[in-house]
Amino acid sequence: QWPDVAGSGRLEWAESIASPNHPLTSRVIVNRLWHHMMGRGIVATVDNFGVLGAEPTHPELLDHLAVSFMDDGWSIKRMLKRIALSRTYRQASQPLAEAEAADPTNQLWHRMEVRRLQGEAIRDAMLAVSGRLDTTPYGPPVPVHLTEFMPGRGRPGSRGPEEIGRS
């Protein structure tokens with residue numbers, strides 16, 4: 001039952017969602033952050049925590065992270081750092097034979113999943129190694145390399161570089 005409010009009640013609704021008495025919100029956020037960092041959430045169905053969704057593989061971990069997230073003032077940056085510094089995130093992707101036999105789908109996180117590296121990270125790494133990475137903040141974006149397979153109204157008027165190093 002909603003208390004009597006002078007306005008629309010949105011503030012009270014937001015406060016109730018973000019209260020420690022309503023832990024679902026922090027669980028969903030933490031699970032999405034875990035999914036972003038690890039490639040799969042603690043609850044694999046990040047968009048469905050209901051009865052049709054998957055069960056969490058590690059419910060105690062999810063609860064621990066959700067409480068830590070709230071205790072840290074709902075800081076996404078601190079939660080990402082906590083995940084990045086965890087042993088689970090830093091483990092090798094090469095599986096051990098006995099662990100792979102016991103958990104072939106890696107539901108128990110005995111190894112890190114191999115994931116694609118984004119093109120921007122590859123480009124920046126190559127420029128950094130060559131000493132040509134511009135680290136000045138707030139600079140212009142790299143122009144998009146256009147091909148005939150990129151039609152549309154949002155197509156830029158000029159072409160970007162075809163490869164690193166070409167202007």
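**Helix packing**

Tutor: Helix α2 (residues 24-38) and helix α3 (residues 59-71) have axes that come within 9 Å and cross at roughly 105°. Axes are lines fitted to C-alpha atoms, for helices over the stretch in contact, and angles run from 0 to 180 degrees between N-to-C directions. Helices (H or I, at least four residues) are DSSP runs, numbered from the N terminus. This is a predicted model, in which local features need pLDDT of at least 70 and side-chain atom pairs count only at pLDDT 80 or more, while totals for chains, interfaces and linings use all residues. Residues are numbered from 1 along each chain as its sequence is written, and side-chain values use heavy atoms, with hydrogens and water left out.

Student: What does that make α2 relative to α3?

Tutor: It makes α2 roughly perpendicular to α3. Angles under 35 degrees count as roughly parallel, over 145 as roughly antiparallel, 65 to 115 as roughly perpendicular and the rest as oblique.

Student: Which residues make the contact?

Tutor: From α2 they are S26, R27, I29, V30, N31 and W34, and from α3 they are L61, L62, D63, L65, A66, F69 and M70. Contact means heavy atoms within 4.5 Å. The residues of the contact of α2 with α3 comprise nine nonpolar, two polar and two charged. Here Ala, Val, Leu, Ile, Met, Phe, Trp, Tyr, Cys and Pro count as nonpolar, Asp, Glu, Lys and Arg as charged, and the others, Gly among them, as polar.

Student: At what angle do α3 and helix α4 pack?

Tutor: The angle between α3 and helix α4 (residues 76-84) is about 140°, and their axes are 9 Å apart. That makes α3 oblique to α4. The crossing of α3 and α4 is right-handed. A crossing is left-handed if the near helix is turned anticlockwise from the far one by less than a right angle, and right-handed if clockwise. The contact joins L65, S68 and F69 of α3 with I76, M79 and R82 of α4.

Student: And where do α2 and α4 meet?

Tutor: V30, L33, W34 and M37 in α2 meet I76, M79, L80, I83 and A84 in α4. The residues of this contact of α2 with α4 divide into nine nonpolar, no polar and no charged. The axes of α2 and α4 come within 10 Å and cross at roughly 50°.

Student: New topic: how many aromatic pairs does the structure hold?

Tutor: The structure holds two aromatic pairs. Rings of Phe, Tyr and Trp (its six-membered ring) pair if their centres lie within 6.5 Å; planes under 30 degrees apart count as stacked, over 60 as edge-to-face and the rest as tilted. The rings of W34 and W109 have centres 5.9 Å apart and planes at 80°, so the pair is edge-to-face. W34 lies in helix α2 and W109 in the loop between α6 (97-102) and α7 (119-130), so the pair ties together parts that are 75 residues apart in sequence.

Student: Are W34 and W109 buried or exposed?

Tutor: W34 is buried, and so is W109. Buried means under 20% relative accessible area, exposed over 50%, partly exposed in between (1.4 Å probe, protein chains only).

Student: What about the rings of F69 and W74?

Tutor: Their centres are 5.2 Å apart and their planes at 65°, so the pair of F69 and W74 is edge-to-face. F69 is buried, with a relative accessible area of 1%, and W74 counts as partly exposed at 26% relative accessibility.

Methods. Helices (H or I, at least four residues) and strands (E, at least two) are DSSP runs, numbered from the N terminus.
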